[in-house]
Amino acid sequence: MGTKTVDETGVKTDEDKTDEAAKAPEKAGTETADAETPAGDDAGTDDAAAEDAAADDVAKDDVTGAAGNEGPTGVGQGAGAVVSAGLGIVSLTGSWVGTVASARESLIGQLETSSSSDVGMLIEKGYGNAWHATALWGGLFALVALIVGVVVLARPAFGAPGRPQAPWIKSVAWAGVALGVIGLLLAVLKYTDILLGLPSTG
């Protein structure tokens, strides 16, 4: 460290000026390092927070997209399968439409044969037509059940690839198809008088 020497006019010598010039850069470097350190830490924290927020947004988008794509498709196919099975059951047990149609045909037959004494005509008009009306409506319900069940089972082939159909939907749809086939077969047998045909009058 230089010795301060003051000349007679009170001005510092060259040695003192050299010492002060050497100390100035050291103080400036220390102050710059102190100022830059917090800024770097804040920048790293901000980057990490931004990355976490972006990851959360991507996860939410994936969940929302998956729910939006799978929800409506599964619900529609499930409803179709249940409708198919329900129509198949109706085709076997009978419906109010078939009951009303049968009663109507029976009433028409009675009116047409009110003045006739032919037993065969009485049976055909009063019983046969009503029985055929019941078979016809049962066959229509069975046919609709069969068509709906087949459409539900074939739907995944026309949807998004790689998306399997729920097992319960397949089971219910197959049940609707089976009931539809049985109901359609019984309707044909009843309508053609093979099953429970008209009694003979001879």
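Which residues of helix 4 are buried? I started my notebook with that one, and the list I found is Ile169, Ala173, Gly176, Val177, Gly180, Gly183, Ala187 and Lys190. Buried here means under 20% relative accessible area, exposed means over 50%, and partly exposed lies in between (1.4 Å probe, protein chains only).

**Ground rules.** I am looking at a predicted model, where local features need pLDDT of at least 70, side-chain atom pairs count only at pLDDT 80 or more, and totals for chains, interfaces and linings use all residues. Residues are numbered from 1 along each chain as its sequence is written, and side-chain values use heavy atoms, with hydrogens and water left out.

**The whole chain.** I found four helices and zero strands, which read along the sequence as α-α-α-α. Helices (H or I, at least four residues) and strands (E, at least two) are DSSP runs, numbered from the N terminus. Of the 202 residues in the chain, 20% are buried. I also looked up contacts, meaning heavy atoms within 4.5 Å. Among those between residues at least 6 apart in sequence, 75% join residues at least 24 apart.

**Helix 2 with helix 3.** Two packed helices are described by the angle between their axes and the distance between the axes. For helix 2 (residues 96-112) and helix 3 (residues 119-154), I noted axes that come within 8 Å and cross at roughly 160 degrees. That angle makes helix 2 roughly antiparallel to helix 3. Under 35 degrees counts as roughly parallel, over 145 as roughly antiparallel, 65 to 115 as roughly perpendicular and the rest as oblique.

The crossing of helix 2 past helix 3 is right-handed. A crossing gets that name if the near helix is turned clockwise from the far one by less than a right angle, and left-handed if anticlockwise. By class, I wrote down five nonpolar, seven polar and three charged residues in the contact of helix 2 with helix 3. Ala, Val, Leu, Ile, Met, Phe, Trp, Tyr, Cys and Pro count as nonpolar, Asp, Glu, Lys and Arg as charged, and the others, Gly among them, as polar.

I then picked out Ser106, which lies in helix 2. Is Ser106 buried or exposed? Its relative accessible area is 18%, so Ser106 is buried. Leaving aside neighbours within four places in sequence, Ser106 touches Gly126 and Ala130.

**Helix 3 with helix 4.** Here I found axes that come within 7 Å and cross at roughly 155 degrees. Helix 3 and helix 4 are therefore roughly antiparallel to each other. Their crossing is left-handed, and by class their contact has 18 nonpolar, seven polar and two charged residues.

**Helix 4 and what follows.** Helix 4 (residues 167-191) has 25 residues and reaches 36 Å from its first C-alpha to its last, close to the 36 Å expected at 1.5 Å a residue. The expected span is 1.5 Å times one less than the number of residues.

Asp193 lies in the segment after helix 4. Most residues other than glycine have a negative phi. Asp193 has a positive phi of about 65 degrees although it is not a glycine. At 30% relative accessibility, Asp193 counts as partly exposed. Leaving aside neighbours within four places in sequence, I see Asp193 in contact with Trp131, His132 and Leu198. Asp193 and His132 are 61 residues apart in sequence and 8.5 Å apart in space, C-alpha to C-alpha.

Terms used:
Axes fitted to C-alpha atoms, helices over the stretch in contact; angles between N-to-C directions.
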